[in-house]
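Let's take a walk through this one together, starting with rings and ending with a loop. Keep the viewer open as you read.

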Amino acid sequence: NERGTKREDWKNLTLNDVAKWGSGGTPSRKHPEYYKGDIAWVKTGELNNQYLYETEEHITPEAIENSSAKIFPRETVIIAMYGATIGQCAILGIPAATNQACACAVVKSNVYNKFLYHYLVSQKNCFINLGKGGAQPNISQTIVKEYPVALPSLPEQREIVRILDSLLAKEQQVRDAAENVLNQI
């Protein structure tokens, strides 16, 4: 590239090397009061946009205390591990708890969370293929943690994200324009 960085300068790591991983849980539905709180609670079907700012359901601190649910900080990268949503990703725009079908990555200091997000999105089909074989496709946190990633320097990660975000914004503009033309026809 223009800055003289070579692909050989990238570190071959695993996803476990670049983030601290965890997952959440589902509070008992036998206690409907658990679902009348203010803590955002993420399900995999909500991993549709780059940033997640709102959730369908909210839980209470008691729900956290009495389940394996835990609150993850803003900027946590999430990937779906189960079923039809396997491989879908988002970044938390708010602190939130998740269900157990979400693998949650709090990135280390040498990793840009948006770089990890784009990388995971690019690997969705690989994760889907790794999940095949059962009645319902699933991947485990072990599979996620052992998955390889080539990691460039932090400045290069930021530049890659800047370029990707710019290209994806242009792609969305073209899609919107094409949809507008179709609607006019």
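Which residues form one aromatic cluster? Tyr-119, Phe-127 and Tyr-147 do. Before going further, some housekeeping: this is a predicted model, so local features need pLDDT of at least 70 and side-chain atom pairs count only at pLDDT 80 or more, while totals for chains, interfaces and linings use all residues. Residues are numbered from 1 along each chain as its sequence is written, and side-chain values use heavy atoms, with hydrogens and water left out.

Back to the rings. Rings of Phe, Tyr and Trp (for Trp, the six-membered ring) pair if their centres lie within 6.5 Å; planes under 30 degrees apart count as stacked, over 60 as edge-to-face, and the rest as tilted. By that rule there are four aromatic pairs. Take Tyr-35 and Trp-41: their ring centres are 5.7 Å apart and their planes sit at 75 degrees, so this pair is edge-to-face. On accessibility, buried means under 20% relative accessible area, exposed over 50%, and partly exposed in between (1.4 Å probe, protein chains only). Tyr-35 is buried at 15%, and Trp-41 is buried at 1%. Now look at Tyr-51 and Tyr-53, whose centres are 5.9 Å apart with planes at 20 degrees, so that pair is stacked. Tyr-51 is partly exposed at 22%, whereas Tyr-53 is exposed at 51%.

Helices (H or I, at least four residues) and strands (E, at least two) are DSSP runs, numbered from the N terminus, and two strands pair if DSSP finds at least two bridges between them. Four strands make an open sheet with mixed pairing, in the order E5-E3-E9-E6. Trp-41 stands opposite Ala-97 in E9.

Next, the charges. A salt bridge here is a side-chain nitrogen of Lys or Arg within 4 Å of a carboxyl oxygen of Asp or Glu, and the whole structure holds six salt bridges. One of them joins the side chains of Arg-29 and Glu-57, at 2.7 Å from N to O. Arg-29 lies in the loop between strand E2 (19–23) and E3, and Glu-57 in strand E5, so the pair ties together parts that are 28 residues apart in sequence. Glu-57 is buried at 15%, while Arg-29 is partly exposed at 48%.

Compare the setting of another bridge: Arg-162 and Glu-159, with their closest N and O atoms 2.7 Å apart. Both lie in helix H6 (residues 154–184), three residues apart, about one turn of the helix. Glu-159 is partly exposed at 24%. As for networks, salt bridges that share partners join Arg-29, Lys-43, Glu-56 and Glu-57 into one. Arg-74 and Glu-75 also meet through their side chains in a salt bridge, at 3.2 Å from N to O.

A charge sits over a ring if NZ of Lys or CZ of Arg is within 6 Å of the ring centre and within 35 degrees of the ring normal. The charged end of Arg-29 sits over the ring of Tyr-35, 4.1 Å from its centre. Arg-158 likewise lies over the face of Tyr-112, at 4.3 Å from the ring centre.

What about disulfides? With a disulfide taken as a pair of cysteine sulfur atoms within 2.5 Å, the count is zero. For Cys-102, the closest cysteine sulfur is in Cys-104, 5.5 Å away, too far for a bond. Cys-102 is buried at 0%, and Cys-104 is also buried at 0%.

Last stop: Ser-140, in the loop between helix H4 (124–131) and helix H5 (141–146). Its side chain reaches the backbone nitrogen of Ile-143 at 3.1 Å. Ser-140 is partly exposed at 31%. Ser-140 and Leu-130 are 10 residues apart in sequence, and their C-alpha atoms are 9.6 Å apart in space.

Definitions and conventions
Polar contact = N/O pair within 3.5 Å; in protein donor to acceptor, adjacent residues only side chain to side chain.
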